[in-house]
Amino acid sequence: MTEDELIKKCQRGSRSAQEQLYARYADRLYRLAYRYIKSDTDAEDVIMLSFAKVFSSIGSFVYRGEGCTEGWMRRIVVNEALMWLRKKHNFNLTESLDATLQEPDLQPYGQMDAEDVYQFVLLLPTGYRTVFNLSVIEGYNHAEIAALLQINENTSRSQLFKAKTLLKKMLTREGYHYGT
């Protein structure tokens with residue numbers, strides 16, 4: 001069944017279509033939630049809340065082509081994960097950095113296996129990991145991150161800087177070096 005057909009059936013309230021939509025996307029969306037939450041049970045809770053929101057608002061969803069459904073659901077999952085994190089973590093506890101500091105370059109590590117990098121990102125503290133995911137993985141800018149997390153833009157910049165610095169240290173300590 002095509003994505004478009006699946007959405008239309010979900011919009012008509014088909015339980016089997018909802019099950020198929022869940023089966024098609026749950027693993028990917030769980031992995032997305034886990035990148036932010038880092039706890040199996042809490043990430044599962046976020047996914048359940050996200051799918052409840054997907055199914056309650058799917059009637060107003062406008063299908064715009066292959067892939068748009070996953071993008072729409074990813075935004076819901078990220079927002080649910082951020083709401084969960086805001087309840088548990090104070091993102092404003094990070095001080096600002098001197099704006100003249102050079103941000104660490106992680107580009108040379110770009111040849112690494114994505115799964116290896118993912119495992120190191122999971123080790124970052126919550127604030128660093130969240131801002132890193134939003135900026136580097138999801139492509140949000142600092143103004144957008146600040147609005148999503150209800151923090152100052154400088155706090156977002158600071159946490160990204162510190163995330164990259166710590167990630168570079170971890171990668172280097174584990175034997176990953178520039179040019180490998």
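Tutor: A helix axis is here a line fitted to C-alpha atoms over the stretch in contact, and angles run from 0 to 180 degrees between N-to-C directions. With that in hand we can turn to this structure, which is a predicted model.

Student: What makes H6 roughly perpendicular to H8?

Tutor: Helix H6, residues 126–137, packs with helix H8, residues 153–173, at an angle of about 100°, and their axes are 8 Å apart. Angles of 65 to 115 degrees count as roughly perpendicular, and therefore H6 is described as roughly perpendicular to H8.

Student: Which residues of H6 and H8 make the contact?

Tutor: On the side of H6, the contact is made by Gly-127, Tyr-128, Val-131, Phe-132, Ser-135 and Val-136, while H8 contributes residues including Ser-156, Gln-159, Leu-160 and Ala-163. Sorted by kind, the residues of this contact of H6 with H8 divide into 8 nonpolar, 4 polar and 2 charged.

Student: Why does Arg-35 count as buried?

Tutor: Buried means under 20% relative accessible area; Arg-35 has 12% relative accessibility, so Arg-35 counts as buried. This arginine has its place in helix H2, and, leaving aside its neighbours within four places in sequence, Arg-35 is in contact with Arg-74, Tyr-118, Leu-122, Arg-129, Asn-133, Ile-137 and Glu-138.

Student: How do you know on which side of H1 its buried residues lie?

Tutor: In helix H1, residues 3–11, the buried residues are Glu-3, Leu-6, Ile-7 and Cys-10. They cover an arc of only 100° around the axis, which means that they are on the same side of H1. An α-helix has 3.6 residues a turn, so residues three or four places apart point the same way.

Student: What does the secondary structure of the chain come to, and how much of the chain counts as buried?

Tutor: The chain has 8 helices and 0 strands, and from the N terminus on its elements run α-α-α-α-α-α-α-α. Of its 180 residues, 42% count as buried. The chain exposes about 9900 Å², of which carbon and sulfur atoms supply 49%. Among contacts in the chain between residues at least 6 apart in sequence, 73% join residues at least 24 apart.

Terms used: Residues numbered from 1 in each chain as written. Predicted model: local features only at pLDDT ≥ 70, side-chain atom pairs only at ≥ 80, totals over all residues. Heavy atoms only, no water. Buried < 20%, exposed > 50% of the residue type's maximum accessible area, 1.4 Å probe, protein only. Helix = DSSP H or I, 4+ residues; strand = E, 2+ residues; numbered from the N terminus. Arc of directions from axis to C-beta. Contact = heavy atoms within 4.5 Å. Areas by Shrake-Rupley, 256 points an atom, 1.4 Å probe, with all protein chains shown as cover. Parallel < 35°, antiparallel > 145°, perpendicular 65-115°, else oblique. Nonpolar A, V, L, I, M, F, W, Y, C, P; charged D, E, K, R; others polar.
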